Every structure is written in C-alpha cells, then in structure tokens.
Amino acid sequence: MKLKTVNHIAIIGTGMIGASMAVLFTGNGYRTTMLAINDQEAQAGIARYEDYYKDLVAKQLVTEEQAEICRKYLIVTQSYADLATADFILESVVEKLEVKHSVYKHIEENCRQFKALASSTSAISADDLCEGVTAKDRLAVAHPYNPPHLVPCIEIVKSRHTSEEALTLIDALFRSVGREPVSMLKSAPGFIANRLQHALYREAVYMVEESIATPEAIDQALMTSFAPRYTSIGIFEHFDYAGLDMVKSIEDYLFPTLCNAPTTQNLVLERYTRNDLGFKTGKGVYDWSQKDADNFRKRSSEPYFRFFNWSLPTQ
C-alpha cells in the first residue's frame with residue numbers, strides 16, 4: 001500500500017538500477033521522475049525501463065494495459081528543477097564519491113522538501129557519503145540487488161548522523177512496494193550480501209588462476225550445487241542442520257588452502273588494464289559476443305519472479 005507521506009519519488013541515474021527502481025515505483029503507483037545526464041542516457045534509461053516491462057508482460061505478471069498505466073507515472077528529465085517536489089530521492093550514479101557528492105549539492109540546491117535521500121551504492125559507507133550533504137540526518141544507504149524491481153532484499157545502512165525519522169521512512173517506503181529491507185547493526189564496507197558475494201568471487205578467481213577449474217566449470221558447479229539451496233534456506237540454518245562438528249572438521253582442513261588475497265587479483269586487473277570490462281565492452285572473463293544478452297537478462301530475473309507482489313495502479 002502506498003505511503004500517504006510520499007507523493008513524488010526522484011531517481012538520479014538511468015542505469016540498470018535506476019531504471020529498474022523506476023519500474024518498481026511506477027509499478028506500485030508512485031509518481032516517479034528519473035533524471036538523466038544527457039539525451040543518450042535518457043533514451044537508454046527509457047529502453048531499459050521498457051525492456052523490464054516487456055519481460056513482466058511476457059511472464060504474465062503484468063498485462064499490456066497495466067504496463068501502460070504504470071508508464072503514465074514516469075517522467076524522464078535532465079533538470080534538477082523537476083525534482084523540486086520530491087519527498088524521497090534515490091541516488092543511483094557511478095561508484096565515485098566525488099560524483100555522488102556533486103549530485104547531493106545539486107539536490108540541495110533544487111530540492112527543498114525531501115524527507116529522505118538514499119544511495120544505492122554497493123560499497124561506499126554512509127558516513128563517507130554524508131560528508132557531501134548538509135542534511136546529513138536525512139541520508140542513508142538503501143542498497144538493492146539487480147534487478148531491484150524483482151529482488152526483495154534492500155540493505156539499509158545508516159550513518160552516525162542518520163535520523164530515526166529518515167530510516168523509518170526509507171524502510172516503510174520499500175516495504176510499501178513489496179521489498180524486504182534488512183538493517184545492519186553497524187556500517188561495514190560492502191554491507192552484508194556483497195561481502196559474501198565478493199568472498200565467493202575471490203575464491204572463484206583464485207581457482208581459475210591456480211588452474212584448478214575453468215570459469216565455465218565454476219559457474220556450472222555454483223548453479224547446480226549449493227546456490228539454489230540458499231533461495232529457500234539460510235546459510236546459518238544449513239550449517240546448523242549439517243552439524244557444527246562436521247563444519248569444524250572441514251574448515252580446519254580447508255581454510256589453510258583458501259584464497260586470502262588482500263587486493264584485486266591479476267585475472268581481474270589484467271582485463272581491467274586492457275579495458276576488457278565484461279558485458280559493457282564486449283569482453284571480460286567471457287567473450288560476450290558469443291553470449292545472448294537478452295537470454296542472460298532473462299536468466300538473471302528468472303529466480304525472482306516468484307517474489308512478484310506489487311500493488312499495481314488501476315488508473
């Protein structure tokens with residue numbers, strides 16, 4: 001159910017997260033303005049927005065008529081002045097602190113009535129973010145997972161300045177669109193899920209570098225062994241059920257052989273240096289010219305369709 005205290009949502013950024021968030025909020029009847037930095041990014045954001053709705057229609061979760069109603073709730077702009085009446089603002093720009101701080105300056109110059117400002121950052125601490133804003137009490141992290149219009153988890157991380165009023169509004173807003181916020185007891189780099197995800201990725205990269213297995217074999221093993229388990233049960237549940245005596249015996253034997261690299265590993269650095277950045281440049285660990293990008297996007301979304309629980313607008 002929509003919050004009565006939020007009548008206008010602003011999203012800064014038109015990338016995968018920004019466009020997906022626009023889908024989520026308009027899909028639940030919130031008037032939403034998405035800000036782009038130029039014409040190209042505006043068109044790209046609209047295309048992403050439309051693709052997400054096409055997928056939902058194809059899955060028969062939304063009808064064409066319902067999608068058309070939702071589209072009426074979206075405005076795309078390149079002017080911060082159009083965000084002046086926003087009650088809630090989501091910043092979803094590149095992971096560079098100076099860029100985010102620049103965005104916050106524009107927000108405070110143009111938006112006088114926002115009740116909360118949240119960043120979708122994947123790793124930057126709320127304390128570092130709030131150094132670039134005057135209204136420190138209204139800023140927090142609200143980190144989603146891609147695609148956020150389907151993935152329930154939102155990690156809410158406060159700074160030492162964040163007010164309970166702002167935290168309550170952010171939590172209530174995301175619950176109103178069917179998300180399941182998790183709040184951290186204290187801030188930590190990477191928050192909860194990315195600490196887990198990158199610990200796994202570090203070991204995966206290590207196994208490739210040590211010629212233990214290929215990327216293809218590692219991905220296949222992940223998808224067909226334990227990863228599906230954790231869509232239904234938690235990791236602490238699983239290891240408790242298995243028995244901590246067995247856990248201890250495995251870890252005493254295994255831990256000395258695991259990767260403990262303190263910085264980005266060579267497999268990633270070498271590709272970064274030659275600008276092989278993955279999908280966005282056509283090649284990374286995989287050659288993306290040999291992959292079906294639409295199929296990948298659909299496979300990325302597939303596990304989360306079962307969580308679809310929007311309150312779709314009717315007019």
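This is a predicted model: local features need pLDDT of at least 70, side-chain atom pairs count only at pLDDT 80 or more; totals for chains, interfaces and linings use all residues.
**Exercise 1.** Find how helix 7 and helix 11 are oriented relative to each other, and which residues make their contact.

Solution. 
1. Two packed helices are described by the angle between their axes and by the distance between the axes.
2. Helix 7 covers residues 193-209 and helix 11 covers residues 266-273; their axes lie 9 Å apart, at an angle of about 85°.
3. Angles of 65 to 115 degrees count as roughly perpendicular, so helix 7 is roughly perpendicular to helix 11.
4. On helix 7 the contact uses Tyr 201, Val 205, Val 208 and Glu 209, and on helix 11 it uses Asn 266, Leu 267 and Val 268.
5. Sorted by type, these residues are five nonpolar, one polar and one charged.

**Exercise 2.** Compare the span of helix 7 with the expected one, and state which of its residues are buried and what covers them.

Solution. 
1. From first C-alpha to last, the 17 residues of helix 7 reach 24 Å, close to the 24 Å expected at 1.5 Å a residue.
2. Its buried residues are Asn 194, Glu 203, Ala 204 and Val 205.
3. Their cover includes strand 6 (139-144), helix 8 (215-224) and helix 11.
4. Just after helix 7, Ser 211 has a positive phi of about 60°.

**Exercise 3.** Decide whether His 149 is buried or exposed, and describe its surroundings.

Solution. 
1. Locate His 149 in the loop between strand 6 and strand 7 (153-158).
2. Buried means under 20% relative accessible area; His 149 has 2% relative accessibility, so His 149 counts as buried.
3. Residues that His 149 touches include Val 23, Leu 24, Tyr 52 and Trp 310.
4. Ser 20 is also touched, and the side chains of His 149 and Ser 20 make a polar contact (2.6 Å).

Definitions and conventions: Residues are numbered from 1 along each chain as its sequence is written. Side-chain values use heavy atoms; hydrogens and water are left out. Axes are lines fitted to C-alpha atoms, for helices over the stretch in contact, and angles run from 0 to 180 degrees between N-to-C directions. Helices (H or I, at least four residues) and strands (E, at least two) are DSSP runs, numbered from the N terminus. Angles under 35 degrees count as roughly parallel, over 145 as roughly antiparallel, 65 to 115 as roughly perpendicular and the rest as oblique. Contact means heavy atoms within 4.5 Å. Ala, Val, Leu, Ile, Met, Phe, Trp, Tyr, Cys and Pro count as nonpolar, Asp, Glu, Lys and Arg as charged, and the others, Gly among them, as polar. The expected span of a helix is 1.5 Å times one less than its number of residues. Buried means under 20% relative accessible area, exposed over 50%, partly exposed in between (1.4 Å probe, protein chains only). A polar contact is a pair of N or O atoms within 3.5 Å; within protein, one must be able to donate a hydrogen and the other to accept it, and residues adjacent in sequence count only if both atoms are side-chain atoms. Lists of a residue's contacts leave out its neighbours within four places in sequence.
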